[in-house]
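Hi everyone, thanks for making time for this one. Let me put the sequence and the model up on the screen, and then I'll walk you through the packing.

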Amino acid sequence: MAVTIADADAYIGANVIDVEGWTDADDAKKQRILNVAFRTLSVKYPTYVIPDEAVYETAAAFATAFNDTMVQAQRGVQSFSLSGVASFTFREAARDLVDLIPQAALDLIAADPANADLPKPAKRRVGWTVL
């Protein structure tokens, strides 16, 4: 893996619809987002080769989820207002980073030739059910 901010800027600028969270971040925050995106994908899918493009897709999703406004929802704030200026109300936000991994990133992981012998990665979680 050789993800860089410059490569991420180019990929996200060309392939991601909502880029404001990414473009508004400074270089230090972008590097943190890239690090967390790679770590999240690597921990969730340890047997897969994670292509750089999947990291960039995930980083863009994380940047949007943790931009200056949405970070309040991530921290549990349900609503706030600025007297006479604006009012914000948030729906229930995803609490786990794994929930923010976009399907496009999973598709890129599945398409990587190094992962050809592995099943397609999915967001599903295995759990116990008692009937």
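When I say helix, I mean a DSSP run of H or I with at least four residues, and a strand is a run of E with at least two, both numbered from the N terminus. Two housekeeping sentences: this is a predicted model, where local features need pLDDT of at least 70 and side-chain atom pairs count only at pLDDT 80 or more, while totals for chains, interfaces and linings use all residues. Residues are numbered from 1 along each chain as its sequence is written, and side-chain values use heavy atoms, with hydrogens and water left out.

So, the overall layout. The chain has 6 helices and 2 strands, and reading from the N terminus the order is α-α-α-α-α-β-β-α. Of the 131 residues, 34% are buried; buried means under 20% relative accessible area, exposed means over 50%, and partly exposed is in between, with a 1.4 Å probe and protein chains only. The exposed surface comes to about 8400 Å², with carbon and sulfur atoms supplying 54% of it. Those areas come from the Shrake-Rupley method with a 1.4 Å probe, and for residues only the protein chains shown count as cover.

A contact, for us, is heavy atoms within 4.5 Å. Taking contacts between residues at least 6 apart in sequence, 61% join residues at least 24 apart.

Now to the core. A nonpolar core is a set of buried Ala, Val, Leu, Ile, Met, Phe, Trp, Tyr and Cys residues joined through side-chain atoms within 4.5 Å. The largest one here has 28 residues, and Ile-12, Trp-22, Leu-34, Leu-41, Tyr-45 and Ile-50 have the most contacts inside it. Elements giving two or more residues to this core are α1 (5-15), α3 (27-44), α4 (52-65) and α6 (103-111). Which of them gives the largest share? That would be α4, with 8 residues.

Let's follow α1 for a while. How does α1 sit against α4? The two pack at an angle of about 70 degrees, with their axes 10 Å apart, which makes α1 roughly perpendicular to α4. Axes are lines fitted to C-alpha atoms, for helices over the stretch in contact, and angles run from 0 to 180 degrees between N-to-C directions. Under 35 degrees counts as roughly parallel, over 145 as roughly antiparallel, 65 to 115 as roughly perpendicular, and the rest as oblique.

On the α1 side of that contact you'll find Asp-7, Ala-8, Tyr-11, Ile-12 and Asn-15, and on the α4 side Glu-53, Tyr-56, Glu-57 and Ala-60. By class, that is 5 nonpolar, 1 polar and 3 charged residues. Nonpolar covers Ala, Val, Leu, Ile, Met, Phe, Trp, Tyr, Cys and Pro; charged covers Asp, Glu, Lys and Arg; the others, Gly among them, are polar.

Two residues of this contact are worth a click. Leaving out residues up to four places away in sequence, Ile-12 touches Val-19, Trp-22, Tyr-56 and Ala-60. Tyr-11, in helix α1, is buried, with a relative accessible area of 16%. Beyond its neighbours within four places, Tyr-11 is in contact with Val-16, Glu-53, Tyr-56, Glu-57 and Leu-108. Tyr-11 and Glu-57 are 46 residues apart in sequence, yet their C-alpha atoms are 8.5 Å apart in space.

Is Ala-2 buried or exposed? Exposed, at 51% relative accessibility. Still, Ala-2 touches Asp-7, Asp-52 and Tyr-56, again not counting residues up to four places away. From Ala-2 to Asp-52 there are 50 residues in sequence and 7.1 Å between C-alpha atoms.

Next, α1 against α3. Their axes come within 10 Å and cross at roughly 85 degrees, which makes α1 roughly perpendicular to α3. Here Ile-5, Ala-8 and Asp-9 of α1 meet Asp-27, Lys-30, Gln-31 and Leu-34 of α3.

Last pair: α4 and α6. Their axes come within 8 Å and cross at roughly 175 degrees, so α4 and α6 are roughly antiparallel. Glu-53, Ala-54, Glu-57 and Thr-58 of α4 meet Ala-104, Ala-105, Leu-108 and Ile-109 of α6. Thr-58 counts as buried, at 0% relative accessibility. Outside four places in sequence, Thr-58 touches Ala-37, Leu-41, Ile-101, Pro-102 and Ala-105.
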